Amino acid sequence: MSDVLLEVRNLRKDFVQRGGLFGRQEHVLRAVDDVSLTVARGKTLGLVGESGSGKTTIGKCILRLMEPTAGDIHYDGVDFRALDARQLRASRADMQMIYQSPSASLNGRMTVGQIVGEPLWIHEGISSSVARNRVLELMHVVGLKEEHYFRYPHEFSGGQQQRIGIARALAVRPGLLILDEPTSALDVSVQAQILNLLQQLQDQFELTYLFISHDLSVVRYMCDEVALLYLGKIVEQAPVRTIFEDSRHPYTQALISAIPEPEPDSQGEQIVLRGDPTAGRPERGCPFAPRCHAETLDRCETDEPPLVTVDADHKVACHLHPELT
Amino acid sequence: MSDALLDIRDLHLEFDTFDGVAKVLAGVNLTIERGDVVGLVGETGCGKSMTALAIPRLIRMPPGRINRGQILFKGEDLLQRQDSAMQEFRARHLGMIFQDPATNLNPLFTIREQLVDAVLYQQANTRSVPGRWRGFLPSARQIRRDAQRRAIELMGLVGIPDGEMRIHDYPHQFSGGMRQRVLIAMALAGEPDLLIADEPTTALDVTIQAQILRLIRSLVRQLGLTVLLITHNLGVVANTCDKVAVMYSGRVIEQAPVRDLFHSPAHPYTQGLIRAVPSGSTSRGGLQGIPGLIPNLIDPPEGCRFHPRCSQVLDHCASQVPGPGSIGSGHLAFCHLYPEGA
């Protein structure tokens, strides 16, 4: 039993956009570019980035809800991309996803009991009537009550709906949960309840989390390690403490300084980046160069910086940090 | 007292629904002084957006009903105004921006058409020319040309580069942050006294949020604007506002200068809200939510609406609505722990 549960190597995902008359012009949008990640068993890796950084696409590629263009995905030593449809279905029970919008990810015509019981039927062939005790146990684990069994999703608040989604994901006893912005749609007091529930479940069931978020204060609370994405590339990766105390990449520094802290005096000098990422990547050079606030070198405009190790488990892709190349 | 630009007193708003009467606002008290940035915070359904919409009387009645209270703007009660006079108030004194910049622009028209419209609209509502001078008025073309010049000027003011070029673009050619800037430009067209910003950065990325908040602050300094900033994000409030009002279930439960609110929150709900935000020093498992759920507005709890979830509940919390208790200068809490007049 190795330490690494999930290993992603050189993952790439291209989307082909067609334009022009009869769609004869092709434009390739590289949503994920050469991303490598490892998630240790029982740990939480945070994937952080702004909209369009490719964080959700990575999550979907790992589950093969979307076929990656290139790259390897190894889950628990198994080459995930080599599996055929049947093997894939069996393996998927081990990886479950929780989505941002709890209301949109639950079928409004099914009761809570059916929703939580459905994965049992699909993956283990147990009908929901037989599985009732398992379902009730799962509902109890996530903090739902027995009388909720026959209710419909619309009768619940956002936080409760997210609990239903979590119970559904846990039904098949997964090893890895991909949490795609699980609390972004929730109020802070409810967010705190859900985050605590997720931590408690992680300890209880030895779960491994891939935590996708744009909210760095939540990531700081939840994650052991963080990978920051900018336009499909990892720009910095390190243990969470290092990211917050000793970040090297100018983008990371700007993001951290832009977190609105609930503390009127705490704010140091805030770095406000110019422009926005929707302008797209420059043809050459560092993808972040057009918005960079640090001193830019000539190389930034011409060469793309590789992701290099600057310290034991700290990787940065920036020309200002050429250490240990 | 005389310095208050806007003073909302004991505002009650109800909606008729199929399930009964929803008591959406149940006695909102809020004072906004000239030149301040006031944050209005609270969770989903607490009535912060309803308060914002009630000020310019943008709530459809029926089903809505304001059955008590006053909205004093420069000492005059807006609730007593004629509808036509309200239109003039909206054009001259008020600018509003909303959460989702994409849905507030018409995708079929260029920014020029929409921004020029906003400029012309506010002029039409502010200019009054006696009939006999009509012949000397500038031509329609001249008016539009002036309006376009003004629109480009506004784009510069809100930090959109190359206004002369970009004004001919459609909304989809702008990014989210730029669209929000366009909407701010529209809101500023009438040189308003008061800007109401309803979750202006919620749909934006953090780096863009920082840009927009910085812009709002600089506009306050530059134009002497007064801002009511509605948000659920306590961090945004801490960094942007001078004063804060916290709402819970249709009432303002605490109002204070920003430092006092974060350093010595008085109301148990405010305390809980601040504790629920993960900060750098929160250890694993150390985050505290507020137990329970927000109350139903059709059948809300008697007395203080927070009492079923409150950890420091007293006997009379369930029967009496707490009045304002003064804690420090400008710091009020509506809670029985701080008796009225004490």
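In this predicted model, helix 5 (residues 158-170) of chain A and helix 6 of chain A have axes that come within 10 Å and cross at roughly 20 degrees. Axes here are lines fitted to C-alpha atoms, for helices over the stretch in contact, and angles run from 0 to 180 degrees between N-to-C directions. Helices (H or I, at least four residues) and strands (E, at least two) are DSSP runs, numbered from the N terminus. Helix 5 of chain A and helix 6 of chain A are therefore roughly parallel to each other; angles under 35 degrees count as roughly parallel, over 145 as roughly antiparallel, 65 to 115 as roughly perpendicular and the rest as oblique. Their crossing is right-handed. A crossing is called right-handed if the near helix is turned clockwise from the far one by less than a right angle, and left-handed if anticlockwise.

On the helix 5 side of chain A, A:Gly158, A:Gly159 and A:Gln162 meet A:Val190, A:Gln193 and A:Ile194 of helix 6 of chain A, where contact requires C-beta atoms, placed from the backbone, to lie within 7 Å. The residues of this contact divide into two nonpolar, four polar and no charged. In this scheme Ala, Val, Leu, Ile, Met, Phe, Trp, Tyr, Cys and Pro count as nonpolar, Asp, Glu, Lys and Arg as charged, and the others, Gly among them, as polar.

Residues are numbered from 1 along each chain as its sequence is written, and chains are lettered from A and ligands numbered from 1 in the order in which they are written. Because the model is predicted, local features need pLDDT of at least 70 and side-chain atom pairs count only at pLDDT 80 or more, while totals for chains, interfaces and linings use all residues.

Chain A as a whole has 10 helices and 12 strands. Its radius of gyration is 21 Å, close to the 20 Å that the globule rule gives for 325 residues, so chain A is as compact as a globular protein of that length. The radius is taken over C-alpha atoms, and the globule rule is 2.2 Å times the number of residues to the power 0.38. The C-alpha trace of chain A spans about 65 × 55 × 50 Å along its principal axes. Of its 325 residues, 44% count as buried. A residue is buried if 20 or more other C-beta atoms lie within 10 Å of its own, exposed if 12 or fewer, and partly exposed in between, with C-beta atoms placed from the backbone. Among contacts in chain A with a separation of 6 or more, 62% are between residues 24 or more positions apart.

Chain B also comes to 10 helices and 12 strands. The radius of gyration of chain B is 22 Å, close to the 20 Å from the globule rule for 342 residues, so chain B is as compact as a globular protein of that length. Its C-alpha atoms fill a box of roughly 70 × 50 × 40 Å along the principal axes, and buried residues make up 46% of the 342.

Within chain B, helix 6 (residues 176-188) and helix 7 have axes that come within 10 Å and cross at roughly 20 degrees. These two helices of chain B are therefore roughly parallel to each other, and their crossing is right-handed. The contact is made by B:Gly176, B:Gly177, B:Gln180 and B:Ile184 of helix 6 with B:Ile208, B:Gln211, B:Ile212 and B:Leu215 of helix 7. By class, the residues of this contact are four nonpolar, four polar and no charged.

Helix 7 of chain B (residues 206-223) also packs against helix 9 (residues 250-258) of chain A, at an angle of about 55 degrees and with the axes 9 Å apart. The two are therefore oblique to each other, and this crossing is left-handed. A:Ala254, A:Leu255 and A:Ala258 meet B:Val206, B:Thr207 and B:Ala210; the residues involved divide into five nonpolar, one polar and no charged.

Across the two chains, 37 residues of chain B are in contact with 33 residues of chain A. Helix 7, helix 8 (234-240), helix 9 (258-263) and helix 10 (268-275) of chain B each supply at least two residues of the side that touches chain A. The largest share, six residues, comes from helix 7 of chain B. That side of chain B has 16 nonpolar, 16 polar and five charged residues.

Helix 10 of chain B is mostly covered, with six of its eight residues buried. The buried residues of helix 10 pack against helix 6 (188-205) of chain A and, in chain B, helix 8, strand 9 (243-248), strand 10 (251-257) and helix 9.
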